[in-house]
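I opened this entry to record what I looked up in the model. The notes run from single residues to the whole chain.

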Amino acid sequence: MTVRLKQGDYDAIVAHAKAGLPNESCGLIAGTAEGGLKTVEKVYLLSNPDQSPEHFSIDPGEQLAAVRDMRALGLSPLGNFHSHPSTPARPSGEDIRLAYDSKASYLILSLAKETPVLKAFGMADGMVAPQTLEIIP
């Protein structure tokens, strides 16, 4: 699976995550899916009601508003993203345990080093599969 993300959306995710420090930040991604390619058309920057540097949840009201907007725009939900303020861009045990949608792409942004690192994963039944992430101009 390949996830294609515009540079501007990548920049928005990084800025959102940095603004949320020291806590994890999160959001949803929406767009189109054809074959092995998911193209992100819109990123939803959401709040983390948990206000924690080690885990996140998505506000249900914000999630519902985002899904309604996706439907209105004719977009499909593609997955979500969240940040790891001080750990690598790989799923934690909690991330794997809470991955409920085997069709979703899970993007994880690490801010542990000076240069942010964003990676994409598929997760199902406790298994993690890296996905190709393309950031396009």
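I count a contact when heavy atoms lie within 4.5 Å. With that rule I looked up P22, which touches P53 and P85, leaving aside residues up to four places away in sequence.

Before going on, I note that this is a predicted model, where local features need pLDDT of at least 70, side-chain atom pairs count only at pLDDT 80 or more, and totals for chains, interfaces and linings use all residues. Residues are numbered from 1 along each chain as its sequence is written, and side-chain values use heavy atoms, with hydrogens and water left out.

**Entry: P22**

I take helices (H or I, at least four residues) and strands (E, at least two) as DSSP runs, numbered from the N terminus. P22 sits in the loop between α1 (7-19) and β2 (26-34). I checked the peptide bond from L21 to P22 and found it cis, with omega near 10°. For burial I use relative accessible area: buried is under 20%, exposed is over 50%, and partly exposed is in between (1.4 Å probe, protein chains only). P22 has a relative accessible area of 58%, so it is exposed. I also looked up its separation from K113, which is 91 residues away along the chain; the C-alpha atoms are separated by 14 Å.

**Entry: positive phi**

I listed two residues under this heading. Q51 is not a glycine, yet its phi is positive, at about 45°. Q51 belongs to the loop between β3 and α2. Its relative accessibility is 53%, so Q51 counts as exposed.

D125, also a residue other than glycine, has a positive phi near 50°. I placed D125 in the loop between β6 (117-124) and β7. D125 is exposed because its relative accessible area is 81%.

**Entry: N48**

Is N48 buried or exposed? It counts as buried, because its relative accessibility is 5%. N48 lies in the loop between β3 and α2 (60-73).

I then looked for polar contacts, meaning pairs of N or O atoms within 3.5 Å; within protein, one must be able to donate a hydrogen and the other to accept it, and residues adjacent in sequence count only if both atoms are side-chain atoms. The N48 side chain reaches the backbone oxygen of E24 at 3.0 Å. A polar atom of the N48 side chain also lies 3.2 Å from the backbone nitrogen of S57.

**Entry: T39**

T39 is in strand β3 (residues 37-46). With a relative accessibility of 18%, T39 falls under the cut-off and so counts as buried. Not counting residues up to four places away in sequence, T39 touches R4, A30, G31, T32 and L78. I also looked up the pair T39 and I29: they are ten residues apart in sequence, and 9.4 Å apart in space from C-alpha to C-alpha.

**Entry: Q131**

Q131 is in strand β7 (residues 127-136). Its relative accessibility is 16%, so Q131 counts as buried. Which side chain does the side chain of Q131 meet in a polar contact? The partner is the side chain of S105, at 2.7 Å. Beyond residues up to four places away in sequence, Q131 touches M1, V3, A104, S105, A120, F121 and G122.

**Entry: whole chain**

I read the order of elements along the sequence as β-α-β-β-α-β-α-β-β-β, which gives three helices and seven strands. The radius of gyration is 14 Å, close to the 14 Å that the globule rule gives for 137 residues, so the protein is as compact as a globular protein of that length. That radius is taken over C-alpha atoms, and the rule is 2.2 Å times the number of residues to the power 0.38. Along the principal axes, the C-alpha atoms fill a box of roughly 35 × 35 × 30 Å.

Buried residues make up 42% of the 137 residues. I also looked at contacts between residues at least 6 apart in sequence: 65% of them join residues at least 24 apart.
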